[in-house]
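Dear colleague,

Here is the structure I wanted to pass on to you. My notes on surface and ring contacts follow below it.

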Amino acid sequence: MDRPGFTASLVVACLIRVPSEVVKQRAQVSASSGTFHIFSNILCQEGIQGLYRGYKSTVLREIPFSLVQFPLWESLKALWSWRQDRVVDSWQAAVCGAFAGGFAAAVTTPLDVAKTRIMLAKAGSSTASGNILSALHAVWRTQGLSGLFAGVFPRMAAISLGGFIFLGVYDQTRSFLLELGRESP
């Protein structure tokens, strides 16, 4: 990425995202417990570190995801723009965002699987230690390629929809603000 501080912003965003992700994932596999109960159990049994289990693996998933998604989005917009000989409309930028997000989601699914395994591992286990390569190897050894890409289609669908909405709205807002700036003295 050519934007200064991009990696730093991902690292900071994960400070907020990871605790909520840990609680959400544990709630998904333990539907009988409420969110506050799960949150309290994590704090009591594992301390604040329990809320941040999977932090490194989340950051190490987000960086390659973004390094794929954003350049691909820009390239797709440039290609579409070149093919139609004008700047893409916001809806076209949204379509490019959906494709870029879905593709980035697909290629980073093994990292997402490792992150999920780390977050859901039993406290004190070797997987809970957060070693991504070890988690990936364990999945490969027991489930092969299909295990590494478990959930790829729902992940692609969700992130494609998110890419369509987020990047489409981003492009529309950017266009609006640029136009507003041109009209201002």
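Helix H8 gives the most to the nonpolar patch, with four residues; helices here are DSSP runs (H or I, at least four residues) numbered from the N terminus. The model is predicted, so local features need pLDDT of at least 70 and side-chain atom pairs pLDDT 80 or more, while totals for chains, interfaces and linings use all residues. Residues are numbered from 1 along each chain as its sequence is written, and side-chain values use heavy atoms, with hydrogens and water left out.

Phe164, which lies in helix H8, is partly exposed at 38% relative accessibility (buried is under 20%, exposed over 50%, partly exposed in between).

The structure also holds four aromatic pairs (ring centres within 6.5 Å; planes under 30 degrees apart are stacked, over 60 edge-to-face, the rest tilted). In one of them, the rings of Trp73 and Tyr170 have centres 6.0 Å apart and planes at 65 degrees, so the pair is edge-to-face. Because Trp73 lies in helix H4 (residues 55–84) and Tyr170 in helix H8 (residues 152–183), this pair ties together parts that are 97 residues apart in sequence. Trp73 is buried, at 2% relative accessible area, whereas Tyr170 is partly exposed, at 38%.

Best wishes

Definitions and conventions: Helix = DSSP H or I, 4+ residues; strand = E, 2+ residues; numbered from the N terminus. Buried < 20%, exposed > 50% of the residue type's maximum accessible area, 1.4 Å probe, protein only.
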